[in-house]
Amino acid sequence: MGFNKPANTDVVATLKAAVDKLNALPTPPEFLLHTGDISHLSRPEEFDTVDQILKSAVAKDVFFVPGEHDVIGDDGKQYLERYAKNSQGAGWYSFDKKGVHFVGLVNVMNLKAGGLGSLGADQLAWIERDLKPLSSSVPIIVFAHIPLWSVYPEWGWGTEDSAQVLTMLKRFGSATVLNGHIHQTMQKVEGTVTFHTAASTAFPQPQPGKADSPGPMKVPAEQLRALLGITDVNFVRGQQSLAIVDSSLG
């Protein structure tokens with residue numbers, strides 16, 4: 001929210017379209033996960049606008065993790081006050097819903113060379129403590145802003161110390177890692193771990209290596225909504241993998 005360049009001059013409209021699409025799903029979602037970059041410049045009015053639009057969603061519970069644009073200028077102080085009051089450290093936390101364990105991570109506070117994400121020793125130690133008591137049969141969903149797999153490190157599309165998290169996840173029969181940041185859908189499966197990046201509701205970005213640098217990608221107006229979208233994740237007890245369905249706003 002707050003972005004207004006030619007790639008999308010009306011991000012309010014496309015976020016509202018995303019909420020309308022969520023509300024029209026055959027089975028209403030129990031809650032929403034937001035994988036970061038709620039705002040463009042961490043301005044109060046940008047956060048306020050998003051909060052107001054999300055009030056119209058049928059799912060009233062929304063769980064956030066920050067993007068790098070949400071922590072500009074104040075090291076995430078405003079983000080923490082609004083969206084992560086009961087979190088640990090820089091905003092990481094976990095919760096359980098109907099037998100599924102969710103872990104929200106923060107990998108945008110100490111970006112490395114080229115913009116690579118970083119979790120840091122304190123968060124890694126917390127993740128280990130958080131997962132340790134869980135049975136390997138418990139489905140795990142991890143969500144963060146920057147991908148936890150190396151999509152394209154040259155553009156900072158990866159997390160420097162994510163290998164340690166993936167080692168912790170390997171013992172679970174079902175582990176799903178959801179990310180934002182790259183503004184396009186990509187999927188990878190490694191053993192029992194499925195990685196899935198979501199489309200944006202604001203603007204698309206180029207495919208890895210298909211442009212000089214990452215950033216807003218301008219497309220013809222009639223094509224924009226086809227490149228924006230939401231991801232619907234369904235858990236069915238008795239099945240190992242989660243059903244993940246991407247749908248565009250177009």
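## Strand 5 and its neighbours

In this predicted model, His 101 has Ile 140 of strand 5 as its bridge partner. Strand 4 (residues 100-104) and strand 5 run parallel and are joined by 4 bridges; two strands pair if DSSP finds at least two bridges between them. Helices (H or I, at least four residues) and strands (E, at least two) are DSSP runs, numbered from the N terminus. Between strand 4 and strand 5 the chain passes through helix 4 (residues 121-131), and this β-α-β crossover is right-handed (with the strands pointing away from the viewer, the path from the first strand over the helix to the second runs clockwise).

Ile 140 also has a bridge partner in strand 6, Ala 175. Here 5 bridges join strand 5 to strand 6 (residues 175-179), again with the strands parallel. The chain gets from strand 5 to strand 6 through helix 5 (residues 163-169), in a right-handed β-α-β crossover.

## How covered is strand 5?

Now for the surroundings of the strand. In strand 5 (residues 140-144), 5 of 5 residues are buried, that is, under 20% relative accessible area (1.4 Å probe, protein chains only). Ile 140, Val 142 and Ala 144 lie on one side, with Ile 141 and Phe 143 on the other, so to speak a strand with both faces covered.

## Notes on the model

Residues are numbered from 1 along each chain as its sequence is written, and side-chain values use heavy atoms, leaving out hydrogens and water. Local features need pLDDT of at least 70 and side-chain atom pairs count only at pLDDT 80 or more, while totals for chains, interfaces and linings use all residues.

Definitions and conventions:
Buried < 20%, exposed > 50% of the residue type's maximum accessible area, 1.4 Å probe, protein only.
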